[in-house]
Every structure is written in structure tokens, then in C-alpha cells.
Amino acid sequence: MDAEKLMKIDRDHIWHPFTQMADWVREEQIIIERAEGNYLIDVQGRRFFDGVSSLWVNLFGHRRREIDEKIREQLSRVAHSTFLGLTHVPAIELTEKLMGFLPQGLSRVFYSDNGSTAMEIALKMAFQYWKQKGNGGEEKTTFLTLTGAYHGDTIGSVSAGGIDLFHSIFRPLLFETVKVPGPYCFRCPYDLTLDKCGLHCAEVLREKLMEEKERVAAVVVEPLVQGAAGMIVHPEGFLRRVREAADEAGVLLIVDEVATGFGRTGRMFAVEHEGVVPDIMALAKGITGGYLPLAATVTTEEVYSAFLGRYEEFKTFFHGHSYTANPLGCAAAIATLEIFEREDVLGHVQEVSSRLSERLQEVKDHPNVGDVRQKGLMVGIEIVRDRETKEPFPPELKVGQRVIRKTRERGLIIRPLGDVIVLMPPLSTTLEEVDTLCDVTFWAMEEVLRETVR
Ligand SMILES: *Cc1c(COP(=O)(O)O)cnc(C)c1O
């Protein structure tokens with residue numbers, strides 16, 4: 001089928017996620033056909049650097065030999081078999097490998113198939129844990145969550161979310177949570193500055209939690225970086241204070257490592273930066289190296305043991321998906337963890353992220369750059385109309401959208417969050433590729449801003 005025919009079918013029949021389809025059908029689109037390493041290649045043979053790791057999932061580039069081979073090998077045995085009432089070799093092997101990487105104390109793995117389900121499971125698990133624990137736990141029927149949080153698109157994970165643009169329309173369908181402002185230092189909800197605030201946001205969270213602890217099952221956070229909110233990097237010490245508050249209030253801590261996990265922040269898991277061990281942790285995206293849908297919700301023996309009992313007590317966790325722990329996904333995940341075992345991946349991430357940090361200095365003082373945020377290989381460049389007032393551009397100018405479309409002219413695929421330009425290159429990015437990534441992004445920003453400001 002030629003490109004034109006392919007595109008016609010797409011325009012006539014496909015509905016893309018997070019996409020204004022009225023724009024989509026009018027604009028020129030890229031049809032990806034294959035990939036090589038860190039590059040995506042379209043039907044016309046044009047090569048594009050994968051600057052957001054195929055939406056935050058890819059770790060070692062595409063068609064990484066070891067992962068390809070592991071999947072092929074598994075395919076020659078079995079592509080799928082249920083995990084309900086049966087187990088299988090690749091899930092067991094993957095679990096053993098995961099144990100070598102998980103923070104101490106997390107030793108039970110519940111598999112599913114995407115980040116939203118991993119979080120949905122985390123919420124249901126915490127809720128049911130308290131019901132079965134007794135001692136007043138029955139009253140714990142809600143969660144403490146942050147504004148700006150993103151935990152996925154299913155109704156439960158949306159309930160725990162706090163991005164009005166995505167979530168407010170669904171409010172009538174959602175369960176209520178106790179919300180506190182997330183630590184967005186660039187637009188501090190308390191109008192304080194980091195040098196003098198003493199992490200006031202963490203104190204507010206603690207106070208709210210102590211007030212509401214009787215009805216809160218768990219605190220839910222994205223550790224260190226609120227991704228979808230615009231790569232909002234939390235101040236150092238915040239996560240540790242959240243852990244302490246949860247302990248003081250006697251509630252569980254759920255961390256959503258779906259975006260931050262598997263090396264993206266420079267550590268295997270973001271919680272390691274603060275020496276925090278959560279009670280429940282959600283993993284997805286990078287777990288298969290960005291190859292296949294697989295997710296895991298991991299927890300402690302303490303949480304797990306509350307679900308044990310005689311059959312007729314029905315303490316069972318009644319949750320599971322058709323493709324839970326898909327064997328091909330597990331095989332990809334095994335190969336991914338083997339790469340972490342064999343190579344100094346995190347050392348490389350350190351090196352590449354320091355280069356990225358140096359290069360980002362170049363736009364820090366740009367009159368239309370409000371804030372540049374980075375944690376490892378997660379970057380957000382927040383574009384504003386006025387640096388002094390932090391006033392954004394009106395949405396109809398589509399500044400972020402125009403920047404990312406411009407980068408395509410020079411072989412770079414990225415995707416913004418509103419007017420935050422997101423860079424999240426694969427962990428396998430070279431120093432040279434960091435330079436190209438920055439050159440092209442800064443050039444496109446300059447072009448679009450020049451047109452816009454004038
Ligand atoms: C992407 C993401 C999710 C949802 O994962 P899906 O696989 O897209 O359902 C949940 N939490 C965070 C922090 C994410 O970045």
C-alpha cells in the first residue's frame with residue numbers, strides 16, 4: 001500500500017489518543033514503517049530521532065538485538081497463556097530478576113499490562129488491604145493525592161489524578177480524594193521560594209494527612225517528577241517527607257514509577273534518590289524496554305498477607321486481565337533487565353544527562369523560557385509569553401505544538417505538554433545525539449517564538 005492510501009484509511013477510520021482529530025485529518029502526518037536504534041523511519045525512508053522514547057517507554061533504542069532475540073525465542077514456545085490459575089516460565093524468571101532490582105522490602109509482584117492498570121491495582125489493593133486488616137481500617141476509603149498528578153486514563157487512575165485539562169470533565173464519574181497542592185516550585189502554590197520555604201508543601205501535606213488519616217488508605221505520588229503535568233521536578237527531600245508523613249499517619253504510600261522507573265532519572269527507580277521504600281509501587285512503560293505492554297504492581301509481604309485466608313473468607317484479590325503477565329512481554333522484560341545487569345546503563349545515563357544539563361543552560365535565559373526542569377533524562381522546558389509575570393501564551397497560538405512540528409523538518413520527533421517542550425531521549429542516546437537533540441529543539445523554539453512574539 002502506498003503512503004497516500006495508508007493515510008486515507010487512517011484519516012477515514014482511525015481515532016488517535018490525546019489528539020484533536022479535526023486538526024489531525026487536515027495536517028500532514030508521519031507514517032512510521034520501521035526503526036533502527038534511536039531512530040524511527042517513515043514510509044518515505046525519512047529518519048527521525050526518537051526524542052521522547054516513543055512516549056516515555058523506550059530504553060535502549062528500537063530493534064535491540066538481545067530483546068528481539070528473547071522475544072523470538074519465547075514466540076517459538078508460546079505467545080500467550082493465562083495467568084489465572086496457571087503460571088509460566090517467563091513470568092517466574094522475570095520475577096526472580098526483578099527481585100534483584102526492587103527496593104528492599106518489596107517482594108510481591110502482581111502483573112498487568114499497562115501503567116493505568118498498574119495504578120488501578122495499587123489503589124484497589126490498598127483499599128482492600130485496610131478492609132481486611134480491620135481495626136478501623138474499614139473507614140479508610142479514600143486517598144491523599146496531589147494536584148498535577150497523572151496516573152493513567154482509566155476511571156480509578158483518573159480519580160487519583162489532578163490535571164484539570166484531562167480530568168475535570170469526568171469529575172461526576174470519579175471517586176473523591178483528599179487533594180493537596182503538588183510542589184510546583186516555578187509556580188509555587190504558596191508563593192514561597194525554595195531557599196526559604198522549608199518545604200512548606202510537605203508540611204501542608206502532613207497536616208492534611210493527620211487531619212484525614214482515619215479515612216485515607218494511602219498517599220499516592222509520582223516520585224520526584226510529575227511527568228504529564230509538565231515534567232515538574234519536586235524539590236529535594238519532598239518524597240522523604242511524604243514517606244515520614246505516611247508513617248506518622250499510619251497510611252500506605254503508593255508510588256507511581258511508571259514514567260520514572262528503569263533508569264530514566266539516573267537511578268533504577270526514582271525512590272532510590274531519597275532512600276524511600278514505598279508500600280506499593282507501580283511499574284510499566286520501560287519495563288519491557290519499550291517493546292510490549294506489560295506492567296507490575298509490587299508490594300510488601302505485610303500488604304500481601306492481608307489477602308490470605310480460607311477460600312470461603314473471600315479475601316482473594318479479585319482482579320486480573322486477559323493478558324496479565326503476557327509471556328512475550330515478560331521475555332522482553334527479562335532481556336531488558338539482563339542489559340541492566342550486564343552494562344553500566346546508569347553510568348551512561350549520568351554522562352548523557354550531564355551533557356544535556358550543560359546544553360540546557362543555553363536556553364535558561366531566553367526571554368520566553370520561564371523554567372527549565374530536568375531529572376536525569378526527563379526534561380521540561382516551559383515556554384511563557386512573559387518571563388517576569390510567568391504569563392503563558394494563549395492556547396490558540398499552539399506554541400508547543402508548533403515547536404514540535406517544526407523539529408520534524410530536521411529529523412526529530414518530540415511531543416509537548418501544552419507549552420512545555422518535553423525531551424525524554426532513550427537511555428541509549430549518545431553524547432553526539434544529545435547535541436543534535438538540543439540543536440534542533442532550540443532552533444525550532446527560536447523559529448516559532450520569533451514568528452509568535454513579533
Ligand atoms: C504513562 C503513565 C501512566 C499510564 O500508563 P499507561 O501505560 O499509558 O496506561 C501512569 N502513570 C504515570 C506516571 C505515567 O507517566
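Predicted model: local features only at pLDDT ≥ 70, side-chain atom pairs only at ≥ 80, totals over all residues.

Residues are numbered from 1 along each chain as its sequence is written, and side-chain values use heavy atoms, with hydrogens and water left out.

**The ligand site**

- Around the ligand you will find Trp 56, Asn 114, Gly 115, Ser 116, Tyr 150, His 151, Gly 152, Glu 222, Asp 256, Val 258, Ala 259 and Lys 285 (a residue is near a molecule if one of its heavy atoms lies within 4 Å of it).
- This shell is made up of four nonpolar, five polar and three charged residues; here Ala, Val, Leu, Ile, Met, Phe, Trp, Tyr, Cys and Pro count as nonpolar, Asp, Glu, Lys and Arg as charged, and the others, Gly among them, as polar.
- For Asp 256, an N or O atom of the side chain is 2.6 Å from a nitrogen atom of the ligand.
- The protein buries 83% of the 380 Å² that the ligand exposes when taken alone (accessible areas come from the Shrake-Rupley method with a 1.4 Å probe).

**The seven-stranded sheet**

- Seven strands make an open sheet of mixed pairing, in the order S4-S12-S11-S10-S7-S5-S6 (strands are DSSP runs of E, at least two residues, numbered from the N terminus; two pair if DSSP finds at least two bridges between them).
- Strand S4 (108–112) and strand S6 (178–180) each have a single partner strand, so one side of each has no neighbour in the sheet.
- From one strand to the next, the twist averages 20° (axes are lines fitted to C-alpha atoms, for helices over the stretch in contact, and angles run from 0 to 180 degrees between N-to-C directions).
- Strand S5 (residues 142–146) runs parallel to S6, joined by three bridges, and Leu 144 stands opposite Val 178 in S6.

**The three-stranded sheet**

- Another open sheet has three strands in the order S13-S14-S16, with antiparallel pairing.
- At its edges are strand S13 (369–375) and strand S16 (420–423), each pairing on one side only.
- Strand S14 (residues 378–383) pairs with S16 over four bridges, and Val 379 faces Leu 423 in S16.

Methods: Polar contact = N/O pair within 3.5 Å; in protein donor to acceptor, adjacent residues only side chain to side chain.
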